[in-house]
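Here is a short briefing to keep beside the viewer. Have a look around the chain, then come back for the notes.

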Amino acid sequence: MSNNASFTPPSLLLSTIGLSLATFMQVLDTTIANVALPTISGNLGVSSEQGTWVITSFAVSNAIALPLTGWLSRRFGEVKLFLWATILFVLASFLCGISTSMPELIGFRVLQGLVAGPLYPMTQTLLIAVYPPAKRGMALALLAMVTVVAPIAGPILGGWITDSYSWPWIFFINVPIGIFAVMVVRSQLAKRPVETSRQPMDYVGLITLIIGVGALQVILDKGNDLDWFESNFIIIGAAISVVALAVFVIWEMTDRHPVVNLRLFAYRNFRIGTLVLVLGYAGFFGINLILPQWLQTQMGYTATWAGLAVAPIGILPVLLSPFVGKYAHKFDLRLLAGIAFLAIGLSCFMRAEFTNEVDFQHIALVQLFMGIGVALFFMPTLSILMSDLPPNQIADGAGLATFLRTLGGSFAASLTTWIWIRRADQHHAYMSESISTYEPATREALNQLGGASNPAYAQLDHVLTSQAYMLSTVDYFTLLGWGFMGLILIVWLAKPPFAAKAGPAASGH
């Protein structure tokens with residue numbers, strides 16, 4: 001495969017733009033629908049609970065398709081796989097836009113998630129392949145920047161498109177972007193030499209993976225409505241998931257050509273790096289989910305303003321990413337990742353100081369500060385987890401890490417909302433106990449509301465609910481803050497050196 005190492009596309013800039021656009025489009029699609037959910041649910045005549053399937057159906061099918069990337073890229077070649085995934089993604093996006101019912105939309109979102117699976121790992125693999133060894137950190141930093149900016153642009157863009165045009169346009173927007181990406185990458189990388197190999201497909205691994213992960217996600221989504229293990233549906237779902245995942249793990253450890261190469265966890269840095277990536281990303285995802293929800297439901301923000309309050313998180317990563325890519329290798333990457341978790345953790349503790357009086361500026365400034373952490377999180381973590389893999393395992397490693405990260409985000413979405421609502425209910429119950437007409441404080445409050453009457457009690461309950469959600473938000477951010485502090489300790493378990501290796505060609509380094 002030595003001829004691959006020497007391949008340089010006619011224009012590195014154009015190749016980078018074409019590859020990055022496809023990833024931008026795919027990552028954008030994980031969050032762009034968030035703000036539009038109420039509108040979509042309304043237009044298609046379903047409850048907002050059912051509306052969330054628009055998000056999770058994409059996330060789960062996307063995660064399940066990720067492990068197939070390694071097998072598909074060996075079978076058809078990396079460039080061809082990238083091009084076909086992008087073309088099919090454009091088609092699926094178009095179908096999502098013309099959906100007329102919820103089942104139709106969810107079906108097309110599943111399809112969209114499946115074909116989007118290979119986009120991120122292929123972008124990563126091809127970027128590392130076309131950049132000279134000295135500039136690979138730069139390529140990874142650029143990809144990290146795209147990964148950070150897209151989820152932030154999603155809600156703002158989604159809100160604006162939904163308010164100004166109509167929701168199908170959040171899907172139609174992918175069509176021109178995708179076609180442009182395909183044309184550019186095809187013209188730039190058409191001459192890249194391809195070596196393919198036929199390998200048997202691990203159907204047992206694939207099917208057990210789909211059943212196990214699918215059942216687990218359904219449980220996490222439905223658990224709150226069905227009161228968890230009080231419901232037979234949840235108990236049966238949990239049993240199916242546990243059995244399927246157990247069979248999956250045992251099978252993958254013994255199969256000669258596993259669909260997910262769990263043996264990569266034998267490498268220390270891959271193990272530590274992936275753990276830190278998944279937990280860090282799940283926390284990052286949770287923050288980005290709870291904050292807009294709290295602002296919209298409890299603080300009276302509109303979708304667009306909630307998006308704008310959260311948006312400053314993207315400013316520093318965009319400005320700092322080029323420098324991180326250029327100079328990161330001069331530092332111990334564990335130190336950079338540690339600083340990232342310290343900054344994100346501190347930002348959580350700052351949010352834990354919020355009250356119902358907090359203003360837009362204060363929220364935005366904390367988001368801006370957290371950007372330091374986000375800028376230093378992805379590239380060092382990715383470099384650490386790739387650092388001790390043999391060159392021919394890099395693509396599999398990228399796929400596996402991305403698969404687990406995507407699942408982490410998807411599970412974090414379900415669990416975060418559950419923890420948040422549950423803690424709020426507990427606080428509400430606790431505070432209600434201390435309210436009685438015999439308490440001077442309660443009488444005082446009721447007098448201020450014009451005496452004991454039903455509207456006054458309703459108003460008092462509204463204040464209590466708002467306080468309960470505030471306390472729950474504080475609890476959640478305190479918990480996350482300590483979680484990120486814990487990640488600082490974990491990342492130091494990785495062992496240097498952390499130099500980036502290339503694909504199969506660079507073994508001569």
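This is a predicted model: local features need pLDDT of at least 70, side-chain atom pairs count only at pLDDT 80 or more; totals for chains, interfaces and linings use all residues.

**Overall fold**

- Taken along the principal axes, the C-alpha atoms fill a box of roughly 85 × 50 × 45 Å.
- Among contacts with a separation of 6 or more, 83% come from residues 24 or more positions apart.

**Helices α14 and α18**

- Helix α14 covers residues 268–297 and helix α18 covers residues 360–386; their axes are 10 Å apart, and the two pack at an angle of about 160 degrees.
- Because angles over 145 degrees count as roughly antiparallel, α14 is roughly antiparallel to α18.
- If you check the handedness on screen, the crossing of α14 and α18 is left-handed.
- Sorted by class, the contact of α14 with α18 holds 16 nonpolar and seven polar residues, with no charged ones.

**Helices α20 and α21**

- The crossing of α20 and α21 is right-handed.
- On the α20 side, the contact is made by Thr 442, Ala 445 and Leu 446; on the α21 side, Ala 456, Tyr 457 and Leu 460 take part.
- By class, that contact of α20 with α21 has five nonpolar residues, one polar residue and no charged residues.

**A closer look at Ala 340**

- You will find Ala 340 in helix α17, which spans residues 333–351.
- Ala 340 has 0% relative accessibility and therefore counts as buried, the cut-off for buried being under 20%.
- Leaving aside residues up to four places away in sequence, Ala 340 touches Gly 373, Leu 376 and Phe 377.
- Ala 340 and Thr 208 are 132 residues apart in sequence, and their C-alpha atoms are 36 Å apart in space.

Key: Residues are numbered from 1 along each chain as its sequence is written. Side-chain values use heavy atoms; hydrogens and water are left out. A crossing is left-handed if the near helix is turned anticlockwise from the far one by less than a right angle, and right-handed if clockwise. Helices (H or I, at least four residues) and strands (E, at least two) are DSSP runs, numbered from the N terminus. Contact means heavy atoms within 4.5 Å. Ala, Val, Leu, Ile, Met, Phe, Trp, Tyr, Cys and Pro count as nonpolar, Asp, Glu, Lys and Arg as charged, and the others, Gly among them, as polar. Buried means under 20% relative accessible area, exposed over 50%, partly exposed in between (1.4 Å probe, protein chains only). Axes are lines fitted to C-alpha atoms, for helices over the stretch in contact, and angles run from 0 to 180 degrees between N-to-C directions. Angles under 35 degrees count as roughly parallel, over 145 as roughly antiparallel, 65 to 115 as roughly perpendicular and the rest as oblique.
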